[in-house]
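Hi everyone, thanks for coming.

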Amino acid sequence: MAQRQTLRQLIETKRDLPAILDLPTSPAPAPERVAVLTILNLHEFMASGVREGAFDEKTYKRLFYTMVVDHWKHLSSFVVKYRDEKGETLYQDFQWLAKKWEKNPLRSDSKVKTRTVITKI
């Protein structure tokens, strides 16, 4: 997904993510803005499904825990600024899920046996 790669680059280069909202949207929105909003919309969709019981939280957490918590950490300042412009309920389910999981981190699965790799020198 190109949007995830763009977001990763923005995070790695320590871009001021809220400043992306100030980029021009006409004639077309900046790719950075599209990437951030696409990622936020994906997380909001899944978090809303989890919150309403349409998606299994246990499965979703096992698959996306790190991404959800990490993305919220990096995108929360963007969301705060965006809410100031568009409305205070934007991405509230994503925030709810990330905060919930931060309080109750994913635990190691004791059913999965780790393998030790032995190499000869």
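**Salt bridges, a histidine and a pocket**

Let's start in helix 3: Asp70 and Lys73 sit 3 residues apart there, so about one helical turn separates them. Their side chains meet in a salt bridge, at 3.9 Å from N to O. Before I go on, keep in mind that this is a predicted model. Now, how open are these two partners? Asp70 is partly exposed, with a relative accessible area of 30%, while Lys73 is exposed, at 56%.

Let me show you two more.

Take Glu32 and Arg15, whose side chains meet in a salt bridge at 3.6 Å, N to O. What does this pair tie together? Glu32 belongs to helix 2, residues 31–52, and Arg15 to the loop between helix 1 (2–12) and helix 2, so the bridge links parts that are 17 residues apart in sequence. Glu32 has 22% relative accessibility, so we call it partly exposed. Arg15 is partly exposed as well, at 36%.

Next up are Arg51 and Asp93, and here the salt bridge is 2.7 Å, N to O. Arg51 is in helix 2 and Asp93 is in helix 4, residues 92–103, so this pair ties together parts that are 42 residues apart in sequence. Which side of the pair is buried? That's Asp93, with a relative accessible area of 12%, and the cut-off for buried is under 20%. Arg51 is partly exposed, at 40%.

Is His71 buried or exposed? It's buried, with a relative accessible area of 10%. So who are its contacts? Leaving out residues up to four places away in sequence, His71 touches Leu7, Ile39, His43 and Phe94. With one of those, His43, there's also a polar contact between the two side chains, at 2.8 Å.

Last stop, the largest pocket, which holds about 230 Å³ of space. It's lined by 10 residues, and the closest to its centre are Lys58, Arg62, Leu106, Arg107 and Asp109. What classes of residue make up the lining? We get 2 nonpolar, 2 polar and 6 charged residues.

Technical notes:
Residues numbered from 1 in each chain as written. Predicted model: local features only at pLDDT ≥ 70, side-chain atom pairs only at ≥ 80, totals over all residues. Heavy atoms only, no water. Buried < 20%, exposed > 50% of the residue type's maximum accessible area, 1.4 Å probe, protein only. Polar contact = N/O pair within 3.5 Å; in protein donor to acceptor, adjacent residues only side chain to side chain. Contact = heavy atoms within 4.5 Å. 1 Å grid on protein atoms, 1.4 Å probe; cavity = no way out; pocket = protein on both sides within 12 Å on 5 of 7 lines; lining within 4 Å. Points joined across faces, edges and corners; volume = space filled by probe spheres on them. Nonpolar A, V, L, I, M, F, W, Y, C, P; charged D, E, K, R; others polar. Salt bridge = Lys/Arg side-chain N within 4 Å of Asp/Glu carboxyl O. Helix = DSSP H or I, 4+ residues; strand = E, 2+ residues; numbered from the N terminus.
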